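I opened my notebook for a quick look through this structure. Below is what I looked up, entry by entry.

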Amino acid sequence: MTVIGLTGPTGAGKTTALTVLGEMGCEIVDCDALYYRLLQTDGAFRGRLKDTFGNIFDSDGQLNRAVLGKLVFENPKELSRLNAIIYPAVRAVVEARIEACTAHSIVIDAINLMESGIGELCDFTVALTAPPEVRLRRIMARDGITEDYARSRMAAQKSDGYYKKHCTFLLENRAGSRGEFCRLIRDFFQDFILQEEI
């Protein structure tokens, strides 16, 4: 079995890439979805968050993201404390998914693939990127936001240089159409899947 790590900035085409990889028979693990599932179902995980950050859950038991965000995103020390809770919990679930996987390949999708240590579980890691102006147009159209807000979101993310340094491969999406991009993904990943299967 091949364990593939996929990461990269918003607007680069990861959602489409994951759809194609799923069609190729890969099992897909969405680490954002795992985190939100832990928030809903794991009492010990919720308890650690509450013990560390106080009353960050609404009366209906839902995480108040605005309250938590205010606590951590302008305070690197607090953000590190949050990540020290989230990363090991999500990694443990990813490890279990890898162990139970019966597909020929499993793709781990994580925005913080390397920082969380999940990248260490992968046979190789791929950062999917795209030219900034292409990403800008996609983000604005997808999320219905202004150009200024889209640019601020992009500025807060890692540079291509970070991904080039830390990932096995950097794959740039310069495709002129969705069909062309899907072919790029199939061609790129099938080679690795076949090499690992031999």
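**Entry 1: Ser 105.** A reminder to myself before I start: this is a predicted model. I began with Ser 105, which I found in strand 3, the run of residues 105-109. Is Ser 105 buried or exposed? I read a relative accessibility of 0%, and since buried means under 20%, Ser 105 counts as buried. I then asked what surrounds Ser 105. Setting aside neighbours within four places in sequence, I listed contacts with Met 1, Thr 2, Ile 4, Gly 25, Cys 26, Glu 27 and Ile 193. I also noted a polar contact of 2.9 Å that links the side chain of Ser 105 to the side chain of His 104.

**Entry 2: helix 1 and what comes after.** Gly 25 was on the contact list of Ser 105, and I looked it up next. Gly 25 follows helix 1 and has a positive phi, near 100 degrees. For helix 1 itself, residues 14-23, I wrote down the buried residues: Lys 14, Thr 16, Ala 17, Leu 18, Val 20 and Leu 21.

**Entry 3: Thr 125.** My next stop was strand 4 (residues 124-129), where Thr 125 lies. Thr 125 has 3% relative accessibility and therefore counts as buried. Which residues does Thr 125 touch, not counting those up to four places away in sequence? I found Gly 5, Leu 113, Met 114, Gly 119, His 166, Cys 167, Thr 168 and Phe 169. With Thr 168 there is a further detail: the side chain of Thr 125 reaches the backbone nitrogen of Thr 168 at 3.0 Å. I also checked Leu 170, which is 45 residues from Thr 125 in sequence, with 8.7 Å between their C-alpha atoms.

**Entry 4: helices 6 and 7.** How do these two helices cross? The axes of helix 6 (residues 132-143) and helix 7 (residues 147-155) come within 9 Å, and I read a crossing angle of roughly 120 degrees. The two helices are therefore oblique to each other. The crossing of helix 6 past helix 7 is right-handed. From helix 6, the residues in contact are Pro 132, Glu 133, Arg 135, Leu 136, Ile 139, Met 140, Arg 142 and Asp 143; they meet Glu 147, Ala 150, Arg 151, Arg 153 and Met 154 of helix 7. I sorted the residues of this contact into 6 nonpolar, no polar and 7 charged.

**Entry 5: Asp 148.** Last, I looked at Asp 148, also found in helix 7. Asp 148 has a relative accessible area of 64%, so I logged this residue as exposed. Its C-alpha atom is separated by 9.8 Å from that of Leu 136, 12 residues away along the chain.

Technical notes: Residues are numbered from 1 along each chain as its sequence is written. This is a predicted model: local features need pLDDT of at least 70, side-chain atom pairs count only at pLDDT 80 or more; totals for chains, interfaces and linings use all residues. Side-chain values use heavy atoms; hydrogens and water are left out. Axes are lines fitted to C-alpha atoms, for helices over the stretch in contact, and angles run from 0 to 180 degrees between N-to-C directions. Helices (H or I, at least four residues) and strands (E, at least two) are DSSP runs, numbered from the N terminus. Angles under 35 degrees count as roughly parallel, over 145 as roughly antiparallel, 65 to 115 as roughly perpendicular and the rest as oblique. A crossing is left-handed if the near helix is turned anticlockwise from the far one by less than a right angle, and right-handed if clockwise. Contact means heavy atoms within 4.5 Å. Ala, Val, Leu, Ile, Met, Phe, Trp, Tyr, Cys and Pro count as nonpolar, Asp, Glu, Lys and Arg as charged, and the others, Gly among them, as polar. Buried means under 20% relative accessible area, exposed over 50%, partly exposed in between (1.4 Å probe, protein chains only). A polar contact is a pair of N or O atoms within 3.5 Å; within protein, one must be able to donate a hydrogen and the other to accept it, and residues adjacent in sequence count only if both atoms are side-chain atoms.
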